[in-house]
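Biologist: I would like to learn how to read charged side chains in a structure. Could you take me through an example?

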Amino acid sequence: MNPAVCCYFDNNATTRVAPEAVEVMLPFLAEHWGNPSSAYRLGRTAARGIELAREKLAALIQAEPEQLVFTSCGTESNNAAIHSALRDQPEKRHLVMSAVEHPANLSAAAYWGRLGYETTFVPVDGDGRLDLDRLSQAIRPDTALVSIMWANNETGVIFPVAEIGALCRDRGVLFHTDAVQVPGKVEIDVGAVGADFLSFSGHKLYAPKGVGLLYLRHPSRFQPYLLGGNQERGRRAGTENVAGVVGFGRAAELASRWVDETNRRVRAMRDRLENGILATIPGTFRNGGLEPRLPNTANLGFAGVEAEAVLLALDRVGIFVSSGSACSTGSLEPSHVLTAMGLAPDRAKGCLRFSLGIYTTEGEVEYVLEQLPEVIGRLRAMSPREWR
Ligand code: PLP
């Protein structure tokens with residue numbers, strides 16, 4: 001394979017925009033570029049584009065269109081959910097999260113912590129699974145919100161959100177789940193999850209960056225995070241990213257087909273890649289329990305090497321992978337997810353995430369299996385670290 005070709009194995013960081021999404025977006029950039037808040041035709045056409053997309057996203061997650069608020073990204077959706085839950089219940093000053101949440105949640109917890117709020121972080125076991133008894137014990141009379149992700153972006157481990165939703169309902173506590181990694185991989189029925197808030201992001205679903213979504217079980221209780229104009233029925237100020245929203249809507253229409261494809265073809269390629277690496281390269285290990293797990297994600301450790309060095313060596317042969325969540329790439333800290341699972345920092349620093357997508361090909365998987373043993377062998381030979 002020509003290394004100039006890009007072999008993209010980082011679909012949990014972002015996805016290529018589907019050509020079908022690009023196609024419907026272009027007219028909203030070139031022709032229907034009006035402000036959706038304007039009352040004349042140019043504006044009304046843009047507003048209609050947004051409302052049609054809202055209906056498509058509502059259908060995807062089995063919600064009502066009125067329950068959906070468009071945001072700028074998954075990070076904003078998470079921040080907005082936490083903000084609303086805390087502002088709506090000013091007497092409650094406690095949050096519960098898992099120890100392996102995305103930084104979008106952890107940083108919000110730190111921010112509210114500086115304002116006097118407390119967060120209890122529920123641990124995970126060596127397979128990355130959440131301890132539901134510990135979660136239950138963490139809920140207190142002053143808990144305003146339980147915020148637990150649906151699927152972990154680094155390991156792909158899926159948390160039992162329906163069970164967590166039932167527990168929160170039982171205990172009378174609001175529940176938010178960061179579902180950013182889920183659409184296109186798992187079917188979604190917000191009623192079955194029983195969450196009060198769900199966060200989504202366009203660019204993880206073959207739609208563009210700069211558009212996110214927040215589901216509200218009780219829209220009337222929502223306390224807006226961004227203040228200003230009256231967009232999104234007064235729930236999110238700021239002129240909408242119309243073309244992005246329209247592209248997100250088109251992706252939502254195709255998502256069920258992608259769920260099928262991801263669970264058949266992509267899962268088979270992920271398994272071939274994972275098993276191939278574990279079988280042919282000594283000193284390798286998998287992070288995260290086998291199931292339930294996102295069908296596109298493999299997180300693998302390589303004893304005796306720095307993941308950052310492997311990432312750069314693979315980049316030189318046209319293979320793109322991640323050494324942690326994209327937001328923490330470049331940081332020399334080991335992944336908070338892997339250390340929460342009990343990995344020693346030294347081992348955690350040798351881990352790579354391969355996340356496949358609907359555009360991944362079998363040829364690309366074979367190319368990685370061909371290149372990786374040589375890359376790992378070379379780096380181990382140069383390293384003073386004993387790995388056997
Ligand atoms: N939550 C999870 C689980 C993610 O994987 C990401 C992105 O990596 C985010 C939130 C943030 O989404 P965005 O990049 O749209 O802000």
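**Reading charges**

Modeller: Start with one pair. Asp10 and Arg353 form a salt bridge through their side chains, with 2.9 Å from N to O. The two partners come from distant parts of the chain, 343 residues apart. Asp10 sits in the loop between strand S1 (7-8) and helix H1 (19-30). Arg353 belongs to strand S12 (residues 351-355). Keep in mind that this is a predicted model.

Biologist: What is the general idea behind such a pair?

Modeller: Side chains of opposite charge can pair when their charged atoms come close. A salt bridge is counted when the nitrogen and the carboxyl oxygen are within 4 Å.

Biologist: Are Asp10 and Arg353 buried or exposed?

Modeller: Buried means under 20% relative accessible area. Asp10 has 13%, so Asp10 is buried. Arg353 has 2%, so Arg353 is buried too.

Biologist: How many salt bridges does a search of the whole structure find?

Modeller: The search finds 17 salt bridges.

Biologist: Which residue forms a salt bridge with Asp142?

Modeller: Arg140 does, and the closest N and O atoms are 2.9 Å apart. Next, check the accessibility. Asp142 has a relative accessibility of 25%, so Asp142 counts as partly exposed. Arg140 has 28%, so Arg140 counts as partly exposed as well.

Biologist: Where do the partners Arg272 and Glu366 lie?

Modeller: First, the contact. Their side chains meet in a salt bridge of 2.7 Å, N to O. Arg272 lies in helix H9 (residues 242-280) and Glu366 in helix H13 (residues 362-382), so the bridge ties together parts 94 residues apart in sequence. Arg272 has 43% relative accessibility and therefore counts as partly exposed. Glu366 has 33% and therefore counts as partly exposed.

Biologist: Which residues are linked in a network of salt bridges?

Modeller: Glu51, Arg54 and Glu232 are linked that way.

Biologist: What about charges without a partner? Which residues form a negative surface patch?

Modeller: A patch takes residues with over 30% relative accessible area and no salt bridge, and joins like charges within 9 Å. Here Asp125, Asp127, Asp131 and Asp133 form a negative surface patch.

Biologist: Let me try one of them. Where is the place of Asp133, and why does Asp133 count as exposed?

Modeller: Asp133 is in helix H5 (residues 132-138). Exposed means over 50% relative accessible area. Asp133 has 56%, so Asp133 is exposed.

How values were computed: Residues numbered from 1 in each chain as written. Predicted model: local features only at pLDDT ≥ 70, side-chain atom pairs only at ≥ 80, totals over all residues. Heavy atoms only, no water. Patch = residues over 30% accessible without salt bridge, like charges linked within 9 Å, V, L, I, M, F, W, Y side chains within 5 Å. Areas by Shrake-Rupley, 256 points an atom, 1.4 Å probe, with all protein chains shown as cover. Lys, Arg positive; Asp, Glu negative; His and termini not counted. Charge placed at Lys NZ, Arg CZ, Asp CG, Glu CD. Helix = DSSP H or I, 4+ residues; strand = E, 2+ residues; numbered from the N terminus. Buried < 20%, exposed > 50% of the residue type's maximum accessible area, 1.4 Å probe, protein only.
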